[in-house]
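Hi,

Here is the structure I promised to pass on. Have a look at it first, and then read on for what I found in it.

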Amino acid sequence: IRHLILEDSETAVTPRAELLLFLADRAQHVEEIIQPALNEGSIVVCDRFSGSTLAYQLGGRKLPLPETVKLMDEYARQGITPDLVIYLDIDPRTGIQRKQDDKSTLNRIDAEAMEFHDRVRTYFTSLAKQENWLVVSTEAGTKEQNAEKIYHTVHSRLAL
């Protein structure tokens, strides 16, 4: 599914199909990995979850019927809601530049117009006002410095 979503192909993935692919992946991941781990009492850490889907699909792609999309997401995740969401905030221009500087390949979504990425960031910023969200600016600093900042932010929130 990830390959279909992120890689360029002869057939363009439409925004609605992209949403459904992300939600299919989420449903599978919740069923196979997240729910069993939670049932065992484990702490689960995910890289990208519902916030990303909403920011990219509703903010970036401007899909219609946001309440329907949110219900579909809730269905895919079986109502599971994270206790804590950490949003790493960065200007999209800086983020794309860093990826290019690292010689990382830009995927299909990375290659979208900057206006798309600005809409995604704006949507993330609105989501980050929720109580269970923490915002960590990664605009400045090295990877190591930002990792340290993230660690301290999480550590203080969880009081580990």
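**What I found**

Let's start at Y123, which lies in helix 6. Keep in mind that this is a predicted model. Is Y123 buried or exposed? Its relative accessibility is 19%, and the cut-off for buried is under 20%, so Y123 counts as buried. Leaving out residues up to four places away in sequence, Y123 touches L54, A55, L58, G59 and K70. For a sense of distance, Y123 and L4 are 119 residues apart in sequence, and their C-alpha atoms are 24 Å apart in space.

**Helix 3 against helix 6**

Several of those partners turn up again when you look at how the helices pack. Helix 3 and helix 6 have axes 8 Å apart and pack at an angle of about 130°. That angle makes helix 3 oblique to helix 6. The crossing of helix 3 past helix 6 is right-handed. Which residues meet there? From helix 3 come G51, S52, L54, A55, Y56, L58, G59 and G60, and from helix 6 come F116, R119, V120, Y123, F124 and L127. Sorted by class, this contact of helix 3 with helix 6 has nine nonpolar residues, four polar and one charged.

G60 deserves a click of its own. G60 sits in helix 3 and is buried, with a relative accessible area of 2%. Neighbours within four places in sequence aside, G60 is in contact with A55, F116, R119 and V120. G60 and Q130 are 70 residues apart along the chain, and 20 Å separates their C-alpha atoms.

Not counting residues up to four places away in sequence, F124 touches G51, S52, A55, Y56, Y87 and W133. The largest nonpolar core has 23 residues, and of these F124 and W133 touch the most other members. Which elements give two or more residues to this core? They are helix 1 (2-6), helix 2, helix 3, helix 4, strand 1 (85-89) and helix 6 (114-127). Helix 6 provides the largest share of the core, with five residues.

**Helix 4 and its two partners**

Next, turn the model to look at helix 4. Helix 3 (residues 50-60) and helix 4 (residues 66-76) have axes that come within 11 Å and cross at roughly 150°. Angles over 145 degrees count as roughly antiparallel, and helix 3 and helix 4 are therefore roughly antiparallel to each other. Helix 3 passes helix 4 in a right-handed crossing. On the helix 3 side you will find S50, L54 and L58, which meet P66, V69, K70 and D73 of helix 4. Four of the residues in this contact of helix 3 with helix 4 are nonpolar, one is polar and two are charged.

Helix 2 (residues 15-39) also packs on helix 4: their axes come within 8 Å and cross at roughly 25°. Helix 2 and helix 4 are therefore roughly parallel to each other. Here L19, L20, L23, R26, A27 and V30 of helix 2 meet V69, M72, D73 and A76 of helix 4. By class, the contact of helix 2 with helix 4 has eight nonpolar residues, no polar ones and two charged.

While you are there, find Q28, which is in helix 2. Q28 is partly exposed, at 42% relative accessible area. Along the sequence Q28 and A76 are 48 residues apart, while their C-alpha atoms are 8.2 Å apart in space.

Last, a word on backbone angles. Most residues other than glycine have a negative phi. Which way does phi of K62 go, positive or negative? K62 has a positive value, near 55°. K62 lies in the loop between helix 3 and helix 4, and with 58% relative accessibility K62 counts as exposed.

K103 also has a positive phi, of about 65°, although it is not a glycine. You will find K103 in the loop between helix 5 (92-101) and helix 6. K103 is exposed, with a relative accessible area of 73%.

That's the tour. Enjoy turning it around on your screen.

Cheers

Conventions. Residues numbered from 1 in each chain as written. Predicted model: local features only at pLDDT ≥ 70, side-chain atom pairs only at ≥ 80, totals over all residues. Heavy atoms only, no water. Axes fitted to C-alpha atoms, helices over the stretch in contact; angles between N-to-C directions. Helix = DSSP H or I, 4+ residues; strand = E, 2+ residues; numbered from the N terminus. Parallel < 35°, antiparallel > 145°, perpendicular 65-115°, else oblique. Left-handed = near helix turned anticlockwise from the far one by under 90°. Contact = heavy atoms within 4.5 Å. Nonpolar A, V, L, I, M, F, W, Y, C, P; charged D, E, K, R; others polar. Core = buried A, V, L, I, M, F, W, Y, C linked by side-chain atoms within 4.5 Å. Buried < 20%, exposed > 50% of the residue type's maximum accessible area, 1.4 Å probe, protein only.
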